[in-house]
Amino acid sequence: MAIPSTAARLSSRHHRAASATRFDKRLSEILTHATDVFCKKGYEGASMRDLSRASGMSLAGLYYYFESKERLLFLIQKHTFTTIVQRLKARLDGVSDPEQQIRIFILNHLEYFLTNPASMKVLSHEAEALKNGFASEVAAIKREYYRICVGLLDELKGVRGLQFSTRIAVLSLFGMMNWIYTWHNSRVDADAEQIAREMGDIFLRGVTNGNRARKEGR
């Protein structure tokens, strides 16, 4: 039996890598179209035929690769949260100051969702649409994201000697960040960097000044 040459193996590997890259690009395009459809029609109101038309893929082809619109919604949510977490970890690498870490967390979140407002709307409105295994996998990524934020706030508390409920602080921060898609207008509102800076000021002033007020008995 002939053993493939090194050149043949490299060529085959290159071909597989190129095919994977083309598939990833096409998948990204399909998820973008699906996000737009879910954003406009809602998950329940959207059909696989709507998704097929938007993506330019035949209905049969769409069913072959994704089998249901629930899988498409799952992939949208998984891709979104995975991307946010990966970018956050890269940005936090080498940063030791807890306040700066929290500001990075806020900027990373706002940058992504101001660039991808349709994704933000779909995630907010269709958070309960996924069931069973799909829901569990997405929930695991969301828990990781939540725990990262908890860790950053706990570190700030330890370094500054602050006393406040980490859970309330984290959920309040997400409340500030997650509804930006409902009011942000690029024609009159600032960009993600400035909003993140101001939102960070408001949030950090709240947790630090609130702690000072409690100590003074106010």
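# Pockets and helix packing: a chat

Visitor: Hi! How much space lies in the largest pocket?
Guide: Welcome! In this predicted model, the largest pocket holds about 490 Å³ of space.

Visitor: Which residues lie nearest its centre?
Guide: Those nearest the centre of the largest pocket are Phe81, Leu123, Lys142, Phe174 and Asn178, out of 18 residues that line it.

Visitor: And which helices supply at least two residues of that lining?
Guide: Look at α4, α5 (98-115), α6 (117-125), α7 and α8 (166-178), each of which supplies at least two residues of the lining.

Visitor: How does the lining divide by class?
Guide: The lining of the largest pocket has 10 nonpolar, 5 polar and 3 charged residues.

Visitor: Okay, next one. What volume does the second largest pocket have?
Guide: The second largest pocket has a volume of about 320 Å³. It is lined by 17 residues, and nearest its centre lie Ser28, Leu31, Thr32, His79 and Tyr112. Two or more lining residues come from each of α1 (6-41), α4 and α6.

Visitor: Which of those gives the most?
Guide: That would be α1, with 7 residues in the lining of the second largest pocket. By class, this lining divides into 6 nonpolar, 8 polar and 3 charged residues.

Visitor: Let's switch to helix packing. At what angle do α4 and α7 pack?
Guide: Helix α4 (residues 69-92) and helix α7 (residues 132-160) pack at about 25 degrees, and their axes are 9 Å apart. Angles under 35 degrees count as roughly parallel, so α4 and α7 are roughly parallel to each other.

Visitor: Is their crossing left-handed or right-handed?
Guide: The crossing of α4 and α7 is left-handed. On the α4 side, the contact includes Phe74, Phe81, Ile84, Val85 and Leu88. Among the α7 residues in the contact are Phe134, Val138, Ile141, Tyr145 and Ile148.

Visitor: How many charged residues are in there?
Guide: The contact of α4 with α7 has 7 charged residues, along with 12 nonpolar and 2 polar. The charged ones include Glu70 and Arg71 of α4 and Glu137 and Lys142 of α7.

Visitor: What about α5 and α7, how do they pack?
Guide: Their angle is about 155 degrees, with the axes of α5 and α7 8 Å apart. Angles over 145 degrees count as roughly antiparallel, so that is how α5 and α7 are described. The crossing of α5 with α7 is left-handed.

Visitor: Which residues make that contact?
Guide: From α5 come Pro98, Glu99, Gln101, Ile102, Phe105 and His109. Residues of α7 in this contact include Tyr145, Ile148, Cys149, Leu152 and Arg160. The contact of α5 with α7 divides into 10 nonpolar, 2 polar and 3 charged residues.

Note on methods:
Residues are numbered from 1 along each chain as its sequence is written. This is a predicted model: local features need pLDDT of at least 70, side-chain atom pairs count only at pLDDT 80 or more; totals for chains, interfaces and linings use all residues. Side-chain values use heavy atoms; hydrogens and water are left out. Axes are lines fitted to C-alpha atoms, for helices over the stretch in contact, and angles run from 0 to 180 degrees between N-to-C directions. Helices (H or I, at least four residues) and strands (E, at least two) are DSSP runs, numbered from the N terminus. Angles under 35 degrees count as roughly parallel, over 145 as roughly antiparallel, 65 to 115 as roughly perpendicular and the rest as oblique. A crossing is left-handed if the near helix is turned anticlockwise from the far one by less than a right angle, and right-handed if clockwise. Contact means heavy atoms within 4.5 Å. On a 1 Å grid over the protein atoms alone, a cavity is a set of points where a 1.4 Å probe fits but cannot get out, and a pocket is an open set with protein on both sides within 12 Å along at least five of seven lines; lining residues have an atom within 4 Å of a point. Grid points are joined across faces, edges and corners, and a volume is the space filled by probe spheres set on the points.
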